[in-house]
Amino acid sequence: MKLLHTADIHLGKVLHEHSLIEDQRHMLQTLLAILKDPSFNALVIAGDVYDRSIPPPDAVKLLGPFLGQLKKECPAVEVFLISGNHDSASRLGFGRELFAELGVHVGTEPENASTPVVVTVGQEKTAFFMLPFLAAGSLKSELTREDGQEPAPLRSQASLAKEAAARLEKARCEAIENGADNTALVAHLFASGGVSSQSERTFLGNAELVDINLFSGFDYIALGHLHTFQQAGEKAFYSGSPLAYSFSEAGRGKAFLAVTLEKGKTPLVEPIPITPLRKMTRIKGEFASFLRGDAADEASAAAQAAASDYLEITLTGTALVENPLSLLSRRFPYLLRIDQSAAVNMRLRERTAVLKTAYAAHTHTMKKNDIVDDFSAFLGERYGAEDAYAEELALFKDMLLETEAES
């Protein structure tokens, strides 16, 4: 069994107000070209098929034709896709019973995760299990409560995964008993120890992390959620997103994973590098050099060379520039972000210094106008001439001295 593993394709993604729909169309065509290799038996998309629970029409128009073209040109390839935390399970799961008859298997219901889809290649059978993102309350413990009441829905990712793992392990053993040679799990979760990036929707707290060893019985675990290609366990891998979805991923290579499963052997995982329609590039330099297109300036020359890339330019000058994005976009059509943190920080330091000086002057004035002066001014407003309240002021000074001595 040879499968192609990807995840987190985020159809409909918008980056800094720029739609990536053309980049995603190019990526899907690249995926299709790879799958035309007759050695592939299955495609796995491990969640976050769409970027939003209500995807834009352009995103929906990408997925449907892609699947249609795939099944037309590669009819023997079985497709497995699950819902991630960005997807709406009910929307993504629409028509799944019909699609299953066509070899497109959509996993959106955690309760159905322990029912495998068995694919036969030659003499070997592989049982695929699909575990979608476990939303709070999507599973209940199967253990009976002592008071006889129905168990409450589980809330944390850790407790949900533990319950799902117990069910899946039982189902995995049954699949082996029924003749399966290999078992594969497709899951969308945050494995403890995994490395995240800025383009992911993060969770707070360790309760949302999942111990991947809960699923160690499977021959391969195709994971989604983290956008960087990485190994999360002995047989568990994140393919990462097929495209960079934040400038923090600039310069990182992206890949699909070709995975070969053979009975009794460790899975063979081979990354297939992806060439994007446009790369993401970060460049630092002076605004004036970028504006002039100064070929002698290293940063400006690098920006010119990367003019067809998605650009993030960091301005190193300390003078704040108004509307730099609109000014530089004339020269760099795919410039998406300007970082002026150096100038902003300089303005903040200057403003802080002014406030500190004003505060120091105010404090000095306050010290001059101490409590005795305040009380004297109060008495003056009440009695008029200083002679009229000299006795009261003297008594107040004596009381103040006694108070200070006591404290």
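Close-up 1. Helices (H or I, at least four residues) and strands (E, at least two) are DSSP runs, numbered from the N terminus. Helix 5 covers residues 157–177. Just after helix 5 comes Gly179, with a positive phi of about 110°.

Two notes apply to every view. Residues are numbered from 1 along each chain as its sequence is written, and side-chain values use heavy atoms, with hydrogens and water left out. Because this is a predicted model, local features need pLDDT of at least 70 and side-chain atom pairs count only at pLDDT 80 or more, while totals for chains, interfaces and linings use all residues.

**Close-up 2. Glu111 and Arg167, a salt bridge between distant parts of the chain.** The side chains of Glu111 and Arg167 meet at 2.8 Å, N to O. A salt bridge is a side-chain nitrogen of Lys or Arg within 4 Å of a carboxyl oxygen of Asp or Glu. Glu111 sits in the loop between strand 6 and strand 7 (117–121) and Arg167 in helix 5, 56 residues apart. Glu111 is partly exposed at 46% relative accessibility, whereas Arg167 is buried at 14%. Salt bridges with shared partners join Glu111, Glu163 and Arg167 into one network.

Close-up 3. The whole structure holds 12 salt bridges, and two of them are shown here. Arg25 pairs with Glu22, with the closest N and O atoms 2.7 Å apart. Both residues belong to helix 1 (residues 21–35), and because they are three residues apart, about one helical turn separates them. Arg25 is partly exposed at 35%, as is Glu22 at 43%. In the second pair, Glu73 forms a salt bridge with Lys36, the closest N and O atoms being 2.9 Å apart. Glu73 lies in helix 2 (residues 57–73) and Lys36 in the loop between helix 1 and strand 4 (42–45), so this pair ties together parts that are 37 residues apart in sequence. Relative accessibility is 36% for Glu73, which is partly exposed, and 47% for Lys36, also partly exposed.

**Close-up 4. His188 and its contact with Ala46.** Look for His188 in strand 9 (residues 182–188). His188 is buried, at 2% relative accessibility. Its side chain reaches the backbone oxygen of Ala46 at 2.9 Å.

Close-up 5. Leu98, Phe99 and Leu102 make a nonpolar surface patch of about 310 Å². Patches are made of residues with over 30% relative accessible area and no salt bridge, with like charges joined within 9 Å and nonpolar side chains (Val, Leu, Ile, Met, Phe, Trp, Tyr) within 5 Å. Leu102 lies in the loop between helix 4 (96–101) and strand 6 (104–107), and is exposed, with a relative accessible area of 54%.

Definitions and conventions. Areas by Shrake-Rupley, 256 points an atom, 1.4 Å probe, with all protein chains shown as cover. Buried < 20%, exposed > 50% of the residue type's maximum accessible area, 1.4 Å probe, protein only. Polar contact = N/O pair within 3.5 Å; in protein donor to acceptor, adjacent residues only side chain to side chain.
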